[in-house]
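Thanks for coming. I will go through one model today, starting with the fold and ending at the loops. Please have the structure open.

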Amino acid sequence: MTGTPTPLHEIYQRHAADVFRYALFLSGNRAEAEDITSEAFVRLWTAPGEIRVTTVKAYLFTIARHLYLDGRRAQARLTALDTDVASDARSAEDRATARSEFAHVRAAIHQLPEDDRTALLMRANGLSYEDIAQALRASVGAIKVRVHRARKRLLAARDPGETRI
């Protein structure tokens, strides 16, 4: 580790929720997201060499992305949307509306090209453009274009008549 050693449990506590959320957006399945998150941390801890604390989040996201893609190749089919997504809505109508909106957003995200979707989700989870560029082996400019393009497509999916960003 660079600088002051950071105990592994601190890295886990700091990044596990973000990695899980990213894996959930990728997979759409809570159990699969938990498996991806667990495996990402196992691979981090068993990786040879030092853990660079400054880039560990991007590294975890990269591992999670590869695990997800490996799983897709193995299954060769998409996972159904988890209908038991927790909601803070109080009435049955509010819960139904929230589920419908969530399903619409998820469907729109899954319609994005894989590179654009990955860059957008990494950015939405707080990674800098530089960290995303490093993780995806692309230039910072290319990542900014991918995120912009993904946001524009999501906006168009939300309101087909809307052209502004």
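The protein has 7 helices and 0 strands, where helices are DSSP runs of H or I with at least four residues, strands are E runs of at least two, and numbering starts at the N terminus. Read from the N terminus, the order of elements is α-α-α-α-α-α-α.

Some ground rules. This is a predicted model, in which local features need pLDDT of at least 70 and side-chain atom pairs count only at pLDDT 80 or more, while totals for chains, interfaces and linings use all residues. Residues are numbered from 1 along each chain as its sequence is written, and side-chain values use heavy atoms, with hydrogens and water left out.

Now the overall numbers. The protein exposes about 9,900 Å², with carbon and sulfur atoms supplying 52% of that; accessible areas come from the Shrake-Rupley method with a 1.4 Å probe, and for residues only the protein chains shown count as cover. Of the 165 residues, 35% are buried. Buried means under 20% relative accessible area, exposed means over 50%, and partly exposed lies in between, again with a 1.4 Å probe and protein chains only. Among contacts with a separation of 6 or more, 62% are between residues 24 or more positions apart, a contact being heavy atoms within 4.5 Å.

Next, helix α5, residues 114-124. Which of its residues are buried? They are D116, R117, T118, A119, L120, L121 and M122. The cover over these buried residues includes α1, α3, α4, α6 (129-136) and α7.

Let me take α7 from that list. Helix α5 and helix α7, residues 140-158, pack at an angle of about 95° with their axes 8 Å apart. Axes here are lines fitted to C-alpha atoms, for helices over the stretch in contact, and angles run from 0 to 180 degrees between N-to-C directions. The two helices, α5 and α7, are therefore roughly perpendicular. For the labels, under 35 degrees counts as roughly parallel, over 145 as roughly antiparallel, 65 to 115 as roughly perpendicular, and the rest as oblique. On the α5 side, the contact is made by D115, D116, A119, L120 and R123. On the α7 side, I143, R146, V147, R149, A150, R151, R153 and L154 make the contact.

The side chains of D116 and R153 also meet in a salt bridge, at 3.4 Å from N to O. A salt bridge means a side-chain nitrogen of Lys or Arg within 4 Å of a carboxyl oxygen of Asp or Glu. This pair links distant parts of the chain, with D116 in helix α5 and R153 in helix α7, 37 residues apart. D116 is buried because its relative accessible area is 2%, whereas R153, at 40%, is partly exposed.

How many salt bridges does a search of the whole structure find? It finds 9. One of the others joins R72 and E32, with the closest N and O atoms 2.4 Å apart. R72 sits in helix α3 (residues 56-75) and E32 in helix α2, 40 residues apart, which again links distant parts of the chain. Both R72 and E32 are buried.

Compare R43 and E39, whose closest N and O atoms are 2.9 Å apart in their salt bridge. R43 and E39 are 4 residues apart in helix α2, so about one helical turn separates them. R43 is partly exposed at 39%, and E39 is also partly exposed, at 30%. Finally for charges, D18, R21 and K57 are linked in a network of salt bridges.

One arginine in helix α4 (residues 92-111) is R106. It counts as buried because its relative accessibility is 7%. R106 and F25 are 81 residues apart in sequence, but 7.5 Å apart in space, C-alpha to C-alpha.

On the surface, L8, Y12, V42 and W45 form a nonpolar patch with about 330 Å² of accessible area together. Patches take residues with over 30% relative accessible area and no salt bridge, joining like charges within 9 Å and nonpolar side chains (Val, Leu, Ile, Met, Phe, Trp, Tyr) within 5 Å. Helices α1 (8-27) and α2 (30-46) each supply at least two of the patch residues. L8 is in helix α1 and, at 32% relative accessibility, counts as partly exposed.

Last, the backbone. Just after α5, G126 takes a positive phi of about 90°. R137 is not a glycine, yet has a positive phi of about 55°. R137 lies in the loop between α6 and α7 and counts as exposed, at 77% relative accessibility.
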